Amino acid sequence: MQPKVFYVYADPKLEALSAGQKILLRMGSANAEQIKAKLREIRQALTRVSPPRDDEDTEEPAPDPVMQSPEGDWKIVP
């Protein structure tokens with residue numbers, strides 16, 4: 001069996017943080033800023049509203065079909 005908890009913060013305020021906030025604390029401020037910047041970029045791409053295409057009869061906006069990382073090595077296709 002795997003134990004339930006590996007580490008527990010001594011400070012109850014830190015222990016009460018979400019899992020994501022704890023991960024950001026553990027990785028350090030420089031790495032956390034890089035991750036936060038990428039998350040903001042992803043959030044912008046996900047919430048961007050595209051104009052409807054002429055061949056669509058639906059009222060929902062069409063998602064951006066391709067999103068590339070700065071390195072251009074991945075894409076999201078709906």
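## A buried lysine

Lys 22 is buried, with a relative accessible area of 12%. That makes a friendly place to start in this predicted model. The cut-off for calling a residue buried is under 20% relative accessible area, so the 12% of Lys 22 falls within the buried class.

Where does Lys 22 sit in the chain? Its place is in helix α2, which covers residues 19–27. Leaving aside residues up to four places away in sequence, Lys 22 touches Tyr 9, Leu 14, Glu 15 and Leu 17. One of these neighbours, Glu 15, is also its salt-bridge partner, as the next section describes.

## The bridge from Lys 22 to Glu 15

Side chains of opposite charge can pair when their charged atoms come close. In the salt bridge between Lys 22 and Glu 15, the closest N and O atoms are 3.2 Å apart.

## Two bridges in helix α3

How many salt bridges does a search of the whole structure find? The search finds three. Besides the pair already described, let us turn to helix α3, which spans residues 29–47. Here Lys 36 forms a salt bridge with Glu 33, and the closest N and O atoms are 3.9 Å apart. Both residues lie in this helix, three residues apart, or about one turn. Lys 36 is partly exposed at 33% relative accessible area, and Glu 33 is likewise partly exposed, at 43%.

Glu 41 and Lys 38 supply another bridge, with their side chains meeting at 3.3 Å, N to O. Because Glu 41 and Lys 38 are three residues apart in helix α3, about one helical turn separates them. Glu 41 counts as partly exposed, with a relative accessibility of 35%, and Lys 38 also counts as partly exposed, at 25%.

## The chain as a whole

Stepping back, the protein chain has three helices and zero strands. Read from the N terminus on, its elements run α-α-α.

What share of the 78 residues in the protein chain is buried? Buried residues make up 9% of them, and Lys 22 is one of the residues in that class. The chain exposes about 7,200 Å², and carbon and sulfur atoms supply 57% of that area. As for contacts between residues at least 6 apart in sequence, 13% join residues at least 24 apart.

Conventions. Residues are numbered from 1 along each chain as its sequence is written. This is a predicted model: local features need pLDDT of at least 70, side-chain atom pairs count only at pLDDT 80 or more; totals for chains, interfaces and linings use all residues. Side-chain values use heavy atoms; hydrogens and water are left out. Helices (H or I, at least four residues) and strands (E, at least two) are DSSP runs, numbered from the N terminus. Buried means under 20% relative accessible area, exposed over 50%, partly exposed in between (1.4 Å probe, protein chains only). Contact means heavy atoms within 4.5 Å. Accessible areas come from the Shrake-Rupley method with a 1.4 Å probe; for residues, only the protein chains shown count as cover. A salt bridge is a side-chain nitrogen of Lys or Arg within 4 Å of a carboxyl oxygen of Asp or Glu.
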